[in-house]
Amino acid sequence: MDHIDLPVITTGDSDKPISSEEYPSDYFPDGGFRAWATAFGGFLVQFCTYGYTISFGVYQDFYGRIYITNQSPSTIAWIGSVNAFLFEICGLISGQLYDRGYVRQLVIGASLLQVISLFMLSLAKPDQYYQESTYCSSYRSVFLSQGIGSGCAAGLLYIPSMAVVSQYFRKRRELVMTFVASGACLGAVVHPIMLNNTLNGPIGFANGVRASAALISGLLLIACFLIKPRFPPSKASTTFLATAKKCAHDAAYIWGTAGLTIFAVGFYYPLFYLQLDSAMHGLSKTFSFYSLVIMNTSSFVGQLTSGLLVEYFGVPGVLTVSTFAGTVLLFSLIGLRTLASVVVIGILYGYSAGIFQALWAPVLAVLSPDPSDLGARMGISYAFMALGGLIGPPISGALLTGDYIWWRGAVFNGVVGAIGCSCFIAMQMVLRRRDHVSQ
């Protein structure tokens with residue numbers, strides 16, 4: 001597999017970025033304390049941001065049954081979908097700032113925003129979606145704090161925490177990037193356990209969210225100390241419009257972005273609705289709480305093993321197979337009735353979803369021949385992908401209706417997943433033809 005060379009690098013342990021005049025442009029430490037510290041810092045960022053976003057199924061269930069009972073499932077789903085939308089579309093901003101060298105500023109500022117948003121969420125009152133009231137300001141409401149505030153913070157953190165790893169590693173860049181991405185799935189295991197046992201336990205919503213926010217505060221503080229870039233802003237970096245123009249003429253990039261966007265519409269359906277689906281089918285309360293944990297544990301395994309799979313089969317091939325498997329499993333949600341079906345579907349879908357999550361950044365690295373605009377290309381793709389994450393869960397909620405007609409959501413998201421998988425197949429065909437011509 002081809003690797004992308006970055007134009008400027010630094011020494012392994014120096015805090016000061018240095019230019020390519022001091023070291024050859026193809027030099028990468030591929031290890032050392034600073035490299036692995038930065039990778040672990042990115043892992044913690046993923047744990048605290050996207051790991052929290054994809055744990056929204058706990059809140060979807062809790063809000064719908066207990067805390068925001070005056071709203072429909074579709075309306076509640078907008079909280080999580082707006083969070084996911086901003087997580088991805090903020091990449092337009094963070095990608096440009098990353099290319100200009102503002103890595104530390106992004107990490108510190110967005111970490112602070114994430115912490116503030118979660119502590120403000122703990123002040124929201126029952127049945128308060130986004131409106132102001134005499135006892136709670138608008139920012140303290142669920143929608144603004146969890147949907148908008150936390151979503152923006154996660155979006156500003158994602159690209160810097162992933163892309164900065166490529167400054168240190170070349171030989172096994174994809175493997176290390178999948179390790180960083182796996183932090184999200186580990187977070188999606190830990191957060192649901194903690195939230196289900198606090199929100200539904202004796203300490204209640206306010207203190208439960210504060211406990212969760214305190215954990216995230218400590219981990220993000222560590223990440224801020226660990227993540228450090230190796231090189232200053234590239235002199236070869238291009239403007240956003242110039243990058244967008246190049247992307248518009250890159251067939252493989254277009255198909256890849258289309259696949260990410262379309263598949264994202266159906267991707268969040270089990271993440272948001274599996275726990276509620278289990279509860280509404282009469283399964284035990286305790287098991288329903290842990291249905292997300294089962295799926296996200298499998299996702300964590302999928303993300304860790306994806307790095308090994310791409311070593312042998314390549315990023316595009318593994319991504320295509322994972323979305324095909326995910327599509328089949330989305331259709332299989334039609335048959336979810338029993339405890340066994342929840343476990344089997346949760347494990348299998350979680351594994352395929354974990355691989356899909358892990359390969360967002362690596363596939364865009366493969367599709368970005370010029371490393372100077374990698375951040376901008378990631379931002380553009382994530383902006384389109386954000387549209388899928390925004391509309392998918394509310395559409396699924398609307399199809400379910402207040403009567404919870406579950407087969408409708410399964411069929412809709414399965415069809416959408418099939419279209420997304422087809423786009424990745426087309427992307428692979430373009431890449432293979434391009435490789436054949438270059439030889």
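This is a predicted model: local features need pLDDT of at least 70, side-chain atom pairs count only at pLDDT 80 or more; totals for chains, interfaces and linings use all residues.
User: Is the pair of tyrosine 59 and tyrosine 63 stacked, edge-to-face or tilted?
Analyst: The ring centres of tyrosine 59 and tyrosine 63 sit 5.4 Å apart, with 40 degrees between the planes. Stacked needs planes under 30 degrees apart and edge-to-face needs over 60, so what's left for the rest is tilted. With its 40 degrees, this pair is tilted.

User: Why are tyrosine 59 and tyrosine 63 separated by about one helical turn?
Analyst: Both belong to helix α3, which covers residues 56-67. They are separated by about one turn because, along that helix, they are four residues apart.

User: Are tyrosine 59 and tyrosine 63 buried or exposed?
Analyst: Buried means under 20% relative accessible area. Tyrosine 59 has 1%, so it counts as buried. Tyrosine 63 has 0%, so that one is also buried.

User: How many residues apart in sequence are the parts that phenylalanine 267 and tryptophan 360 tie together?
Analyst: Their ring centres are 6.3 Å apart and the planes meet at 70 degrees, so this pair is edge-to-face. Phenylalanine 267 lies in helix α11 (residues 251-280) and tryptophan 360 in helix α15 (residues 360-366), so the parts they tie together are apart in sequence by 93 residues.

How values were computed:
Residues are numbered from 1 along each chain as its sequence is written. Side-chain values use heavy atoms; hydrogens and water are left out. Rings of Phe, Tyr and Trp (its six-membered ring) pair if their centres lie within 6.5 Å; planes under 30 degrees apart count as stacked, over 60 as edge-to-face and the rest as tilted. Helices (H or I, at least four residues) and strands (E, at least two) are DSSP runs, numbered from the N terminus. Buried means under 20% relative accessible area, exposed over 50%, partly exposed in between (1.4 Å probe, protein chains only).
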